[in-house]
Amino acid sequence: MKPKGAAVQNNPHTTLVTPDAPIAANTHGGRAKCLQRLVRLDLPVPRTVALSFDAVQRIADGELPDISAVLEQFDSSALLCVRPSSEDPDWGGPGAVLNIGMNDARYVELSDKMGAEAAAALYLRFVQSYAIHVARLDPDVFDDIEGDGRSGLRQTLRAYEDETDEEFPQDRGEQLIGVLRSMARAWDGTSARLLRQAKGAPADAGLGLVIQEMIPGVGQGECGSGVLQLVDPTTGLPQITGRYLSQSQGRDALGEGVSALYLEKDPRGPSLEDVAPQAFADLKAHAALMRKKLREEMQVEFVIENGTVHILDGVRVPRSARAAMRIAVRLAEDGIIPPQEAVMRIDPHSLNELLHRQVHPEAERDVLTTGIGASPGAASGRIVFTSAEAQASAARGEPCILVRRETSPEDVRGMHAAVAVLTEKGGMTSHAAVIGRGLGLPCIVGASEMRFQTKKKQLVAPDGRVFKTGDILTIDGTSGQVLAGQPAMLEPALDDCFQTLMGWADAERDIAIRANADTPADAQVARRFQAEGIGLCRTEHMFFEPGRLIVMREMIFAETPAGRAAVLERLLPMQRDDFVQLFEIMEGQPVCIRLFDPPLHEFLPTTRSGQRELAEALDLPVSDVERRVEAMSEYNPMLGLRGVRLGVTVPEIYDMQARAIFEATLEASKNGAPVVPEVMIPLVSAKREVELVKARIDSVAAAVAAERGQDFEYRLGVMVETPRACLRAEEIAPHVSFLSFGTNDLTQMTYGLSRDDAGRFMSAYVQQGVFSEDPFHVLDADGVGELLKLGAERGRAARPDVTLSVCGEHGGNPESIALCRDLGFDYVSCSPFRVPVARLASAQLAIASKLGG
């Protein structure tokens, strides 16, 4: 005679969960594997049978397993539940179905044990669940049913019979077959497939199912059910949390007096610790054992029957980003996992939630529209529509949201004054996005579903609501949602736990991380986030302060080189002071300064009123100003007179900047180690451009050294942001010390795609599979990456010691860092607030490389 369960135990697809059963996450799913681990820990787990991915697929195809053999594993009177078991719990699955086996006879039996009303409630809920998920009845069928006791049960059974023309099935095996078929087919449904693929599951991901004996949870002693965990899922701090519903007499959680007991002693009411101290102690011990042996903070699903604990399941505690970090660090500090594994457990992208304020996960959201979340974090403030209004608001101490159709360099001061930015146009590397990330300013771009009526100074939401100057909005740059009002916030979490994790990451990574920093404030943030220098200082941003802007405009209106040089003399001490501050803040770390890049017309006013003000300031006729602005306009400024082209045709600007850099170098070197600045020429396409600019910079360096009677070193490099510069890197590299790839413009030129306008159609392109990702967000490995590879190989062939780096916004993107590392780049540079993300991502790449994966 075969032992009980032999047919199940000998079947690889239908397996009794025992310590040595052939169960794996990739064949039976994560839940089945976790239950086996709990069994191995000798925890009180009810009898369970696991169905493999293959078995479930066969059920979906109409081939049933040996149901009688499955049922033999359980007592004939036991109620059963079926739960999904996908390989990764985050992939989800069909909802669990409880109380299988509930029928008229079982209802009578349970009525004697737990009362007729409670038994009726169990039966009613099973009938409705079965009707909706198995018989596929519309939930509306049960809308008119009142109560969940005996009366409700009678109405529910009658409704089932009316809709199906048959009585509710009474056989446990028939019920189980219906549930298994329903769950197997639900997994193969189109919507379920799309939903799990959106969570990262492969298209052919399998589903396992676990069939488990239900513990009635009824008796004379304490009975009930709940979940318990040892940490707070929002903060990750040690704290026993969860819920417990008592089903004991006098605390009937299934009757009218629903009562949730607190887990620990609490002045607000009775606790599980009070009513069942031994069960509570056992639960804590079980959870602690699971944490240690499963190497994870686990949420324990349990039932208590007559004071005895039964463990139904253990799942990874759901957690916020800050909780995930704290949990990983505490596990490593307790010796449960190594520090390297703690580093690997944290998604680098999730650090954005730690570095910035966030909308509280439990706060209500009044969502007006969703744009592109271009700079993470959340902030609330009053709407303003101009930079001047933003600065005035900041002066009054009132937080404000700067709303623009799109930002320009003239808006930088307003962005500094605002707490967040919202634009109608733009993409991930538009002006607003780049500056927002650099400032750590929440920013949403491409919110094109809202109407930006800037002349009327109002916003019109898609639902018709109108918001005017002074109204309060919240910008959630993490999700891209524009919210009405001011929801509750979570503050940044840059505590000792964060520093510990980043220290472990730094010990592993093998590529340097610098920051893009344009001002002393940016540099301070870069140092706080432990950047290893400045990889890109965009000097033009220093000219937009009001006192400097008018001098810059005077220079533009000068008619001769001598006239321009004379005006630039007034800017020289301002630039020099900026560079001295940067050098002193960075304390000997490298600082790479990009010479002037934008076209000059960006510094001129575009409105009539602005042109009149400029004419008055320069004591010129308005007509002269208008003519000058018109003469300087270009059809395509991005590809016009900018970057090195200005350095060649208007060399006085670069002469002034080079002098400011070198004089600042000597000034900052007085009180410490010698500063070695890095001077970068932007938008290079030809070797001759480098030769011409290099000759003038060398000449300025020699002049400063002679005037001060002191020599100094500096490194000259180019910003590689045109395809031709990549292709001709072999000619350019011998003349420079470094090649820094500006992947924002390089992506634009490679694709022929405007980064400011791409946001209008990029989501449609990604959805339809034209691009797998927005190429301004994740570096295009096939196209732009091929140019990086050619530039790196040809540059190093001509000069083996040339330093290679990426200084575009891709430098803070984990997927893009992987490509840079594979190509042998020396460092990446990104916005200061993305430095921790880059540090963690590069550490994970190094650890994965050591592990061979």
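Thr474 makes contacts (heavy atoms within 4.5 Å) beyond its neighbours within four places in sequence with Val359, Ala379, Ser380, Gln481, Val482, Leu483, Gly485, Gln486, Pro487 and Met489. The model is predicted, so local features need pLDDT of at least 70 and side-chain atom pairs count only at pLDDT 80 or more, whereas totals for chains, interfaces and linings use all residues. Residues are numbered from 1 along each chain as its sequence is written, and side-chain values use heavy atoms, with hydrogens and water left out.

Thr474 belongs to strand 21 (residues 472-476); helices (H or I, at least four residues) and strands (E, at least two) are DSSP runs numbered from the N terminus. Its relative accessibility is 0%, which classes Thr474 as buried, where buried means under 20% relative accessible area, exposed over 50%, and partly exposed in between, with a 1.4 Å probe and protein chains only. The side chains of Thr474 and Ser380 are joined by a polar contact of 2.5 Å. A polar contact is a pair of N or O atoms within 3.5 Å; within protein, one must be able to donate a hydrogen and the other to accept it, and residues adjacent in sequence count only if both atoms are side-chain atoms. Ser380 is also among the residues listed above as contacts of Thr474.

Two sheets are described next. Strands of a sheet pair through backbone hydrogen bonds, either parallel or antiparallel. Two strands are taken to pair if DSSP finds at least two bridges between them. Strand 24 (residues 512-516) pairs with strand 25 in the parallel sense over two bridges, and Ala515 stands opposite Ile534 in strand 25.

An open sheet of three strands has the order 18-19-20 and antiparallel pairing. Strand 18 (451-453) and strand 20 (466-468) are its edge strands, each pairing on one side only. The twist from one strand to the next averages 20°. Strand 19 (residues 458-460) pairs with strand 20 in the antiparallel sense over three bridges, with Val460 opposite Val466 in strand 20.

In helix 23, the buried residues are Gly610, Gln611, Leu614, Ala615 and Leu618. These residues cover an arc of only 140° around the axis and therefore lie on the same side of helix 23, the arc being that of the directions from the helix axis to the C-beta atoms. An α-helix has 3.6 residues a turn, so residues three or four places apart point the same way. The buried residues of helix 23 pack against helix 21 (546-557) and helix 24. Arg608, Glu613, Glu616 and Ala617 are exposed on the other side of helix 23.

Just after helix 23, Asp619 has a positive phi of about 60°. Asp619 sits in the loop between helix 23 (608-618) and helix 24 (622-632), and its relative accessibility of 70% makes Asp619 exposed. A positive phi near 60° is also found at Gln530, a residue other than glycine. Gln530 lies in the loop between helix 20 (520-528) and strand 25 (534-538), and is partly exposed with a relative accessible area of 39%. Most residues other than glycine have a negative phi, and most peptide bonds are trans.

With a disulfide defined as a pair of cysteine sulfur atoms within 2.5 Å, the count is zero. Cys400 is in no disulfide, and the nearest cysteine sulfur, in Cys443, is 14 Å away. Cys400 is buried, at 0% relative accessibility. For Cys726, the closest cysteine sulfur is in Cys807, at 12 Å, which is too far for a bond. Cys726 is likewise buried, at 0% relative accessibility.

Leu122 is located in helix 7 (residues 116-133) and is buried, with a relative accessible area of 15%. Leu122 and Leu439 are separated by 317 residues in sequence and, C-alpha to C-alpha, by 57 Å in space.

Note on methods: Axes are lines fitted to C-alpha atoms, for helices over the stretch in contact, and angles run from 0 to 180 degrees between N-to-C directions.
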